[in-house]
Amino acid sequence: MSNETYTSSNRIFKELFDEIGKVIVGQREAVEQILIAIMCNSHALVESNPGLAKTLTISTVSKALDLKFSRIQCTPDLMPSDITGTYIIEDVGGKKQFRFEPGPVFANIVLADEINRASPKTQSAMLEAMQEKQVTVGNKTYPLDKPFFVLATQNPIEMEGTYPLPEAQLDRFLLKILMDYPSPEEENEIVNRYTKNITPMVNKVISKNEVLELQKLTRDVPIAEDIKSRAISIVLNTRGKSEYIEYGASPRASIGIILAAKARALMKGRNYVSAEDIDAMAYPVLRHRVILTFESERKGMTTDQVISDIMKNVK
Amino acid sequence: MDEFLVKLQKLKSGIFSRMKLLFLLDVVAIFSIFYSLFIVVNLEYFLNKTTFYIPFQVNFIPPVLALLLGAGIAFLLHRKDSKINLYLLIEKKYSDLKEKLRTAYDNRDESNIILDALKMEVSGSLDKVSSAHILTTGKLLSKLVIAVILLAGTVTIAQNPGTYAIPVETIKDIGNTITGNVEKGGNETMDVAGRPEDFDKAGEDGGGNIKGKPNIATIEGKNIDLAIFPGYESGYELKEAGQTQNQFIKSAAFPVDILGSNVSDGGYSILMKKTETEKQLINKYAVERSTI
């Protein structure tokens, strides 16, 4: 099975991008990074302004991958049970008994929209499910279906009444994906597509089992020692004394860069990790793990600029 | 062992053989340069003049020293050879192996579908890799030509040292100019050993010694006895003409080579050319002088 999946992986990714491209115009990098996070069996945080097709993108990906999709709109009054599910009383043959009603977290792909609007307690319930891949309600633990992928979104504007995710919880997201506005040509294409009566349809490209096979194959992609060292050096350099960095990245970042680079290599049809993969994945892996100093924020520097400087100094 | 590792090993030994050859050619080239230089500056002559005790034959020193210098400098030039990352060298020359070769090599002990596919791909690509392309034959040939030319030059110089060697006096003058030790009137150095052209004039004027030089020289109003005694140091002792008692000092054997350094076959053969009468006279003279 793995062998077949591997030999057809090039075709799989090409068809996936073609199918997703029927619905999503542009945003190629964001789609790539979402697929990378899924292949790494991890989760991603998307930050973008409203109206940039975050929900559409992730629902399209779930259709192409033939995975169950659910969406949670996070609000301050959202309770943990609204996510995990709860016991309800049911009348069975004249007898009343409790039945567990699974919440939206029981899906393969979960979109937690505006996760920073949920209360810390609800965020914790969500993040526990992400980490443990299981949900505990009452005294019973329910394993989540595989693959399990959470795409949480944050809005960079309107920070009023939000509960920003603590750094420790941000660390659990493999990637922080940035979605930018489309180019004028892309916007023109978006308008053309969505002002007609024809709704673009997405066909299933691979099965759930093939997704799991791809997750296994991702970890099999070999990496050279010097390329691995480069990834580790980049992470280590975020921890050194710097006037721009308050806190550096954890060892999870090193694991994340290498794993994401492996997934990217497989996606690009390579049977080895290239230094180019490391460089490309360092930004989404590190940008939510590196905390900048007040001085760098005052100078208007972004995390990506600081990461770029670090990478220039690492051989 | 994986197929690509066998090919890599073969390639590695080919490259290292070429590196060894380059090292040897550098040794030969540097040896030639230094040996020629030693001949030109008359190193052997200066070694003979030294007062330091040398436990072996002086004429072995220049070639041995040149060889040691050649090997030492070549070693310094090639000291990083063993540290060369062969995989990066191959990847640099063959871009289709870039990152693949080192990945396959670093993960040589592991096996999975992707890695096995990579190893096969690398193995296929290694078929077209040759050590001649990595360390170019052109480089090797140019070094070979340089080494041969230098060696030929050295052989030529070694066979005719008189033609190419800088005269000892010139070197001394240069040395004096450099050190600022220029000797002025009354302190001129004298060639007490005599010049070859004077050798045949021995005893012609009756007052000369066996080398045709005067026994007594007047320097700054003083009469200086310039007689050379066999076995008495390597040069001469300055003393008053009236002084008859010689103070023998234990010294190295009289260096015949110094006499011979300005002639092609040395002083011995010159003495051998004398008639029997002359030889007896010289012998008698030497015996009489030795009893003083």
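This is a predicted model: local features need pLDDT of at least 70, side-chain atom pairs count only at pLDDT 80 or more; totals for chains, interfaces and linings use all residues.
Trainee: In the open sheet of chain A, which are the edge strands?

Mentor: Five strands form this open sheet, with parallel pairing. Their order is β2-β5-β8-β1-β9. An edge strand pairs on one side only; here those are β2 (69-73) and β9 (175-179) of chain A.

Trainee: Which residue in β5(A) stands opposite A:Q73?

Mentor: β2(A) pairs with strand β5, residues 109-113 of chain A, in the parallel sense. The pairing runs over five bridges. Opposite A:Q73 stands A:D113.

Trainee: At what angle does helix α3 of chain A run to β9(A)?

Mentor: Helix α3 covers residues 28-39 of chain A. It lies across β1 (44-48), β8 (149-154) and β9 of chain A. Its angle to β9(A) is about 160°.

Trainee: How far apart are the end C-alpha atoms of helix α9 of chain A, and what span should we expect?

Mentor: Helix α9 has 13 residues, 208-220. At 1.5 Å a residue, they should span 18 Å. The computed distance agrees: 19 Å.

Trainee: What arc do the buried residues of α9(A) cover around the axis?

Mentor: The buried residues include A:V211, A:E213, A:L214, A:L217 and A:T218. They lie on the same side of α9(A), because their arc around the axis is only 160°.

Trainee: Which element gives the most to the side of chain A that touches chain B?

Mentor: The contact takes 15 residues from chain A and 12 residues from chain B. On the chain A side, α1 (2-7), α9 and α10 (225-237) give two or more residues each. The most, three residues, come from α1(A).

Key
Residues are numbered from 1 along each chain as its sequence is written. Chains are lettered from A and ligands numbered from 1 in the order in which they are written. Helices (H or I, at least four residues) and strands (E, at least two) are DSSP runs, numbered from the N terminus. The expected span of a helix is 1.5 Å times one less than its number of residues. A residue is buried if 20 or more other C-beta atoms lie within 10 Å of its own, exposed if 12 or fewer, and partly exposed in between; C-beta atoms are placed from the backbone. The arc is that of the directions from the helix axis to the C-beta atoms. Two residues are in contact if their C-beta atoms, placed from the backbone, lie within 7 Å. Two strands pair if DSSP finds at least two bridges between them. Axes are lines fitted to C-alpha atoms, for helices over the stretch in contact, and angles run from 0 to 180 degrees between N-to-C directions.
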